[in-house]
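Me: I would like to learn how to read this structure, one feature at a time. Where do we begin?

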Amino acid sequence: MTRRSALAAAVAAALVLLPAPARAAAADTLTVVTLNLWNDQHGWPARLRRIVAELRAIRSDVLCLQEVLQNPSLPNQAATLADSLGMSWHFASVDDSTRAKRYGNAILARHPVLRTDDVKLRPLDDWRVATHVRIAFAGRAVDVYDTHLHHTREGGAIRAAQVRDLLAFVDSTRGDGQLVLAGDFNAQAGAPELRPLASRYADAWWVVHPRATPDEAATLNPLLGESRGQIDHVFVPRGRGRALAPAACEVLFRSCGPDRVWASDHFGVLA
């Protein structure tokens with residue numbers, strides 16, 4: 001049986017690691033997963049079955065997705081996952097809503113949605129957006145943000161500009177409750193372009209695993225041609241009091257399934 005644990009966000013205080021039975025019974029914890037779907041590449045129907053099976057067992061409260069695709073022959077991937085998992089979904093794209101082909105991010109939620117917002121990140125021809133969903137959870141509002149930054153190694157300056165847009169977007173839309181910021185940042189946690197973000201937000205993985213090796217932290221799948229690295233992150237605001245305090249974090253989909261199907265060219269982060 002695949003080992004699973006949860007990075008849970010205790011709304012009043014902290015993120016805690018719980019085994020599956022305890023997690024199901026804990027009404028005051030929030031579980032979050034972020035995953036780059038790799039759009040429809042490499043046999044999407046088989047990958048979809050693998051992803052759904054794993055996420056059904058986890059039953060996360062929130063699912064942040066990147067590289068979500070829809071086109072005339074492919075229903076929106078976020079809608080398909082939401083239907084399979086019994087969650088609501090909010091999708092955002094640079095592509096106009098009237099277009100048959102759209103590409104972007106999505107946030108799926110298992111709790112009432114109070115508000116949604118989106119912003120296009122510059123430059124617009126990079127096809128990047130940030131997505132916001134505020135949910136009602138355990139009697140409190142939780143702001144969840146999902147993004148996907150520029151991908152090239154030499155594109156640090158582009159990512160830096162996108163981080164500025166992202167932080168301004170968060171500041172203009174967040175409430176006064178809990179906050180989680182997740183996604184594919186296409187940069188290591190200590191990258192120069194992420195420093196403005198890192199000064200305000202803590203990476204859950206490194207708070208929980210300060211002595212982890214780069215291989216342990218990696219979220220790119222080298223067996224599918226990716227260079228190993230940690231570019232998928234879950235951030236929470238720094239500081240005590242009302243800010244979430246990370247206590248556990250784990251990487252998902254590190255192995256292929258029994259049918260030799262990988263979920264994606266990225267590993268996921270389970271929160």
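**A strand covered on both faces**

Reply: Strand S12 is covered on both faces: Asp232, Val234 and Val236 are buried on one side, and His233, Phe235 and Pro237 are buried on the other. Buried means under 20% relative accessible area, exposed over 50%, and partly exposed in between, with a 1.4 Å probe and protein chains only. Helices (H or I, at least four residues) and strands (E, at least two) are DSSP runs, numbered from the N terminus. The model is predicted: local features need pLDDT of at least 70, side-chain atom pairs count only at pLDDT 80 or more, and totals for chains, interfaces and linings use all residues. Residues are numbered from 1 along each chain as its sequence is written, and side-chain values use heavy atoms, with hydrogens and water left out.

Me: How many residues of S12 are buried?

Reply: In a regular strand the side chains alternate between the two faces of the sheet. S12 spans residues 232-237, and six of its six residues are buried.

Me: Which strands does S12 pair with, S10 and S11 included?

Reply: Two strands pair if DSSP finds at least two bridges between them. S10 and S12 run antiparallel and are joined by four bridges; Asp184 has Asp232 in S12 as its bridge partner. S11 and S12 are also antiparallel, with three bridges, and there Asp203 is partnered by Phe235 of S12.

Me: What is the strand order in the open sheet?

Reply: The sheet has six strands in the order S7-S8-S9-S10-S12-S11, and the pairing is mixed. Strand S7 (113-121) and strand S11 (201-203) are at the edges with a single partner strand each, so one side of each has no neighbour in the sheet. From one strand to the next the twist averages 20°. Angles run from 0 to 180 degrees between N-to-C directions, and axes are lines fitted to C-alpha atoms, for helices over the stretch in contact.

Me: How many bridges join S7 and S8, and in what sense do they pair?

Reply: Eight bridges join S7 to strand S8 (residues 128-137), in the antiparallel sense. Asp117 stands opposite His132 in S8.

Me: Which helix packs on the sheet?

Reply: Contact means heavy atoms within 4.5 Å. Helix H4 (residues 156-173) packs on the sheet and touches S7, S8, strand S9 (140-148), strand S10 (178-184) and S11; its direction makes about 155° with that of S7. Among the buried residues of H4 are Val163, Leu166, Leu167, Phe169 and Val170. The buried residues of H4 pack against S7, S8, S9, S10, helix H5 (195-198) and S11.

Me: What length does H4 reach, and what is expected?

Reply: The expected span of a helix is 1.5 Å times one less than its number of residues. H4 has 18 residues and reaches 25 Å from its first C-alpha to its last, close to the 26 Å expected.

Me: Which residues are buried in H3?

Reply: In helix H3 (residues 77-85) they are Gln77, Ala78, Leu81, Ala82 and Leu85. They cover an arc of only 135° around the axis, so they lie on the same side of H3; the arc is that of the directions from the helix axis to the C-beta atoms. Their cover includes helix H2 (44-58), strand S4 (62-70), strand S5 (88-93) and strand S6 (102-109).

Me: Which residue caps the N-terminal end of H3?

Reply: A polar contact is a pair of N or O atoms within 3.5 Å; within protein, one must be able to donate a hydrogen and the other to accept it, and residues adjacent in sequence count only if both atoms are side-chain atoms. Asn76 is the cap, with a side-chain oxygen 2.9 Å from the backbone nitrogen of Ala78. Just after H3, Gly86 takes a positive phi of about 70°.
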